[in-house]
Amino acid sequence: MTRFLRTTIVLLASFLMILPCGCVPLPENNMIEEITPIIFWSVKGGREDGKITISTLVPPLSKEKKRVLTLNVSLLNEGNKGFNLIYHNELKAGQIRLLFVDEAYAKRGLTSLINTVLTDPNISKRLFLVITKGNFDEFLAKHLDEKDSIDFYLYRMFKHYEKKKQGEITVVNLHQFMKMLYSQVSDPQLPVFRAEGEQLLYEGTALFDWDRMVAEIRGQDDQISQLLYRDRFVRYLVLPDLSVTLGHIRAHTRKKLTSDLSSLSIEIDVKGRIDELDSLTRIEDNFQYVALTQKIERYLEENVFHLLSQMQHLRIDPLQIGGLTIKPFSRPITRDTWDRHWSTMKINVKVRLHLEPLTKVK
Amino acid sequence: MTAISLEALEQSLALMEDAEIINRQTPDGLHFTFIYIGTIIDQERLNESIMEPLVRSFQSSVEKSLITAKITRLFNLEQALQDLLKGSVLVHDSSSGRWNAILLPNSLSRSIETSETETIMFGPKDSFSEQLEQNILLIRRRLPLTALKTERYTVGSLTQTTVVLMYIDGLINPEFVDYAKNKLSSIDFDMFLDSSHVAAFIEDHYHSIFPQYLQTDRPDSCAHSLGIGKLVIFVNNTPFALVAPITLFHLFQSPEDYINRWLVASFLRPLRYLSFLLSITLIPFYVALTTHHYQMLPLQILYVIIESRSKLPLSPFWEAFIILITLEIIKEASLRMPTKTSQNLGVIGGIVIGQAAVEAGFASKVLIVLAGISAISTFLVPNYLVTKSSLLLQFMFLIFASYLGIPGILLGLVGMLAHLNGLTSLNQPYLAPVSPFYWRDWVDLFVRGPLHAMSIRPDALRPLNKYRVSRRRK
């Protein structure tokens, strides 16, 4: 009897221990061969009836002939449920890693979509968000071959550039997007890709005002923006106007706001090397080398200033400069206050270039 | 008590074809009767050292004729039969009517060989044999102390097995000795053919799958245990001695730990704990992840698993269960086969069957790899009994993982820890020095600290003399 009682108490205690932890004692049947863990959704808006088009590729992560599933739905999970009815396996969203959103949809605002994804406990916060242009479904349709695991390769691409902040392309996951979205003093940014035939081309970075896409920066501006955003590493900074390519660039940025929020001074220390030079400048000559360095410094200063002015004009802050206003034991400023100050702020930019010439300078 | 008589002895030894009763007469006309069991005595010594001197002697008694022999006077039949069966020759002097016993056991035994169960690269190579006296000798050589006490017990109504309790008096906690003596005295069973049979009767929790006595055939290991305040139990006719009290952590210690450099040993010891955990939970984790928690798998691994499991007819649980059972069959078969055949069996079992199972679509490549890692991990634990126990634990975790996923594995681990916490060895806690906590003993627990840092005997053993170094300071 004592043993029976003891066993009952131990079992009861164990289940009580498990249940409050949120663990379901009898979990879902997720047998891996019976489910289809999709890894991306593509969402397109702009239909006349207000519905969205949601697409995915099945079967994911396997070397089999694939097909694109597309549905026109009102709600995201309606699409998720609808996919199950038209495919032989149950589609599970627990491994979803990429969310491609059409540019038109992004311009209308992403809050409802993001909230749906965010509140789903199965979906990880490490979900890469991407803005797409062109016909993304057509791009998928060109990659249905059994040897082609385009879904997996796209994920690998984002994961590669996310790691160590490689800086070739902008990579933002759901967690980072949410953090910037709900911050009082900054705005989100997302990468933009264009689907062209069977290619998906990186175009630049989409800038957001709250949850709506308002602008896009490309090429050189995009690279400079990446350097400024949390001191990233950029493999090549191509400056065609100066006929020079800087390589292995690391920037260390110091931003300083005056206490009355009237001016911002940015000091950028750029370390790198001259990888390519397509001019008659002889960098082995010290005089010419210093002149080139100064030229690049002025050029970068102008471009940074131009980029920040654009952001001021749009009253957006994707570089999170507003974060400088947050101090311990002081009340954070409101969005409106920051926008008002930011749009009229005087900006001073100072770039200091530390170049390795990779040649003997006399 | 029955009086000894030739008739009574003849009656007792009836139908024993190796029992001999020989009569001899001396030149003086004295009659001697020799009674012995031919197979268990040294017949050569009997002829040369007992019979020859006795029948040629002109002395009046056995004691006077055989001055170098150890002669025991017998008074009753029970004692006579007991001595006879232990290898004594009974000698009856018809003139005096006395019965004497002269111990002449057959010293047939294998020589001192290298330990096969606890092999080490460096260090002492000798190991115990089946002969009790030889085993005690190996310890006495290492610990030449008068404080090294041995107490004899006889257990088993049929086997009459001699058990020797050994400890260092004045060092060991007397509580352990008293407890072991009580346990040994209370044994009531007919046969004891191995030390594990004795252990089964003296351990505190015989239902547990964890051994509560350390079985070893290494004299250096026994000497070390005695020296830090443990006791050793030798059982006749088995090369494995029992060491107690032990804790779970002792089962993961190898004699080589104290031979390797301390940093190397400290690296290897956690590896054994990790291997034990891997051996019991690696495949259950695979089953839990592929059955319930596909979300937890990194996408790269999911890619590989989906590819490998896409066309399998069996669920992850049954797949793992069948592979593990097959693996155990191969392991058991290779243990029972001759050495050369077992090597081939390992190759056939491991590579050919594994490869064939994958190609036939019965098992996934991932599981075969995990089963291999899991099987090899079991061999890192120095204690053979724990290696065997880990198999049962693995199946328990497998069932938990299949029904409850990762919470099931955690539940199993909590249950296992609770069980271990409740275990005792020689009435001492099995999880010491972790629970109860003895911080000083941690120097030789998960890591093997330098010998200089081990100047104090383990607190958990509460030895009477806790210092291993001279306390005199200049």
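## Two crossing helices in chain A

In chain A, the axes of helix α8 (residues 219–228) and helix α9 (residues 286–314) come within 10 Å and cross at roughly 90°. That makes α8(A) roughly perpendicular to α9(A), a label for angles of 65 to 115 degrees. Axes are lines fitted to C-alpha atoms, for helices over the stretch in contact, and angles run from 0 to 180 degrees between N-to-C directions. Helices are DSSP runs of H or I with at least four residues, strands are E runs of at least two, and both are numbered from the N terminus.

This is a predicted model, where local features need pLDDT of at least 70, side-chain atom pairs count only at pLDDT 80 or more, and totals for chains, interfaces and linings use all residues. Residues are numbered from 1 along each chain as its sequence is written, with chains lettered from A and ligands numbered from 1 in the order in which they are written.

From α8(A), A:Gln220, A:Asp221, A:Ile224, A:Ser225 and A:Leu228 meet A:Asn303, A:Val304 and A:Leu307 of α9(A); contact requires C-beta atoms, placed from the backbone, within 7 Å.

## A sheet in chain B

Now to chain B, where five strands form an open sheet in the order β6-β7-β9-β10-β8, with antiparallel pairing (strands pair if DSSP finds at least two bridges between them). Its edges are β6 (148–155) and β8 (214–216) of chain B, each with a single partner strand, so one side of each has no neighbour in the sheet. Eight bridges join β6(B) to the antiparallel β7 (residues 161–168) of chain B; B:Tyr153 has B:Val163 in β7(B) as its bridge partner.

## Helices on the sheet

Helix α5 (residues 132–142) of chain B packs on the sheet, and its direction makes about 10° with that of β7(B). Helix α6 (residues 174–185) of chain B also packs on the sheet, with its direction at about 175° to that of β7(B).

Note on methods:
Contact = placed C-beta atoms within 7 Å. Parallel < 35°, antiparallel > 145°, perpendicular 65-115°, else oblique.
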